[in-house]
Amino acid sequence: MKSGSNLEKVLEAGHFAFTGELGPPRGTSAEEVREKAQHLKGMVDMVNITDNQTAVVRMSSWAACLILIQEGLEPNFQMVCRDRNRLAMQADILGAYTHGVRNMLCLSGDHCMFGDHPDAMGVFDIDSIQLINMVKTMRDEGKFQSGGDIEDPPKIFIGAAANPFAEPYEWRVHRLGKKINAGVDFIQTQCIYNMDRFRKWVKQANDMGLTEKVYILAGVTPMKNVGMARYMQKKVPGIEVPEELIDRLKGVGKKKVADEGIKIACEQIEEFKEMKGVHGVHMMAIEWEHKVPEIAERAKVLPRPKV
Amino acid sequence: MIVAKRKPFEEIKTMLKDYKKVLTVGCGTCVAVCLVGGEKEVGILNAELSMARKIDGNPIDLGATTLERQCDMEFLDELENVVDEYEALLSMACGAGIQFLAERYPNKPVLPAVDTTFIGANRDVGWYEEKCRSCGSCVLGWTGGICPVTMCAKGLYNGPCGGTDDGNCEIHKDQPCAWFMIYERLAAQGRLDLIMEFQPITAWQNQKPRTLVQPGYEKREEAG
């Protein structure tokens, strides 16, 4: 075991993982975090806590992680390279680990200009792949990035993202390979809507032997309504929403769109369960945490394994 | 070259509001080439300022001169005999030139008329693109001659990130993704292996003021 996190144990035991996501509040309400967390309890193996997502200031990821731990859930501490230099990153990793955080997701981070402080300096002292390597060095060699020794090194299960839907498509599997070389343990992908493209990417990764070196969790976000689908299609960089999916949502009548969105997600999950090289699903039910129990039930991923 | 743009007119006017006799000092090198601080631009700025101050009923006496280079002490000596006639100096050079002028004449207020913007290249007449952040540790040899430190909005060394959108950067549809271009160029050259390897964390060379003495001149430097 590298970290002994619940997610690591679930994956090591060969179970199909099911992870969730929770966005911290734009304020100081621990109650809001607890309320969202309650919907996820027992439904997922681990919960990603986003880090100033879309470059909007929120309660810090590590702080919300601690609330999750208090609530008996396992957090995945997301860390972006946009807001911290290597000193702050390593300090936060030590602190979060000390308080029981065992998983991390290493990300570049959306550019500042998307968020509520568009004039801020983006730090990017190191990039996401270098962050993976830094956490691995801290864990496996007990060394800071500077080479200095760490007393009681943090044992973190190291995650990263992958986006099979951004050009150049041929490059994406190589980027996955770079992340593996840097030391990543698990991958959570961008939200998948174009299944063809995803199948091709996984096949390439299988052919290169990459899926034997890393756990892949397929990213799923159910569409709540047609407006959301259109927004994801037109406005969110790196997300590909096929027109047929929007047609299908439109075809069921306004009141049933959300239900159809969940149905589509469940069909995807069924396929992922059978797909070689896919080891689980990362459910990003954005501001829809209360729907996760229903989604988990319908996706037939319950009960979650006790490991 | 160093590319600059003129400061907003009102900002310049406000800086000069308490002065009645000012020497505008242009620079004949980078800022002249990028059409912002050469002899011609000195003339235009002075004409605009004179006119504006006249209208305000607070006329100003403006002198004009353009030095070969403000970032070179030897050219600053030319002003020796005229500086005393003025209350302040308005420099149209880049930040380096402005600071050298201020250092050479420490008793005079030296004010900037331009904002130094970037190290760039001339795409077309009057059209400049940033190309270099002077990071001090050039990567162009393995990035297909395209600088990710400058051209990637996140300065990534292991790009492209997941935000590439139709070959463009996530920050704007008209901003090409540097790493997409790097990939395409290296693929065309059959050199993709250069970016397949993990690039370790950078030792930044630009986090403190830098001084450089070329090796051939070290001895003279030691002799003082």
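Reader: What is the strand order in the open sheet of 3 strands in chain B?

Author: The order is β1-β6-β7, and the pairing is antiparallel. β1 (2–6) and β7 (127–132) of chain B stand at the edges with a single partner strand each, so one side of each has no neighbour in the sheet. From one strand to the next the twist averages 70 degrees, an angle between N-to-C directions on a scale from 0 to 180 degrees, with axes fitted as lines to C-alpha atoms (for helices, over the stretch in contact). The model is predicted: local features need pLDDT of at least 70, side-chain atom pairs count only at pLDDT 80 or more, and totals for chains, interfaces and linings use all residues. Residues are numbered from 1 along each chain as its sequence is written, while chains are lettered from A and ligands numbered from 1 in the order in which they are written.

Reader: Which strands make up the open sheet of 4 strands, and which stand at its edges?

Author: The order is β3-β2-β4-β5 in chain B, with parallel pairing. The edges are β3 (61–67) and β5 (110–112) of chain B; each has a single partner strand, so one side of each is left without a neighbour. Neighbouring strands of this sheet are turned by 25 degrees against each other on average, direction ignored. Strand β4 (residues 88–91) of chain B pairs with β5(B) in the parallel sense over 3 bridges, and Leu89(B) has Val110(B) in β5(B) as its bridge partner. Helix α3 (residues 39–55) of chain B packs on the sheet, where it touches β2 (21–27) and β3 of chain B, and its direction makes about 170 degrees with that of β3(B).

Reader: Why are α5(A) and α6(A) called roughly parallel?

Author: The axes of helix α5 (residues 128–141) and helix α6 (residues 169–182) of chain A come within 8 Å and cross at roughly 25 degrees. Angles under 35 degrees count as roughly parallel, over 145 as roughly antiparallel, 65 to 115 as roughly perpendicular and the rest as oblique. The two helices are therefore roughly parallel to each other.

Reader: Why are α8(A) and α9(A) described as roughly antiparallel?

Author: Helix α8 (residues 226–235) and helix α9 (residues 243–250) of chain A have axes that come within 10 Å and cross at roughly 170 degrees. That angle makes α8(A) roughly antiparallel to α9(A). Val226(A), Ala229(A), Arg230(A) and Gln233(A) of α8(A) make the contact with Leu245(A), Ile246(A), Leu249(A) and Lys250(A) of α9(A), contact being defined by C-beta atoms, placed from the backbone, that lie within 7 Å. The residues of this contact divide into 5 nonpolar, 1 polar and 2 charged; Ala, Val, Leu, Ile, Met, Phe, Trp, Tyr, Cys and Pro count as nonpolar, Asp, Glu, Lys and Arg as charged, and the others, Gly among them, as polar.

Reader: Why are α2(A) and α3(A) oblique to each other?

Author: The axes of helix α2 (residues 30–40) and helix α3 (residues 61–70) of chain A come within 10 Å and cross at roughly 55 degrees. The pair is therefore oblique, and α2(A) passes α3(A) in a right-handed crossing. Ala30(A), Val33(A), Arg34(A) and Ala37(A) in α2(A) meet Ala64(A), Ile67(A) and Leu68(A) in α3(A). By class, this contact has 6 nonpolar residues, no polar and 1 charged.

Reader: How many residues of chain B are in contact with chain A?

Author: There are 22 residues of chain B in contact with 25 residues of chain A. The side of chain B that touches chain A has 12 nonpolar, 6 polar and 4 charged residues.

Definitions and conventions
Two residues are in contact if their C-beta atoms, placed from the backbone, lie within 7 Å. Two strands pair if DSSP finds at least two bridges between them. A crossing is left-handed if the near helix is turned anticlockwise from the far one by less than a right angle, and right-handed if clockwise.
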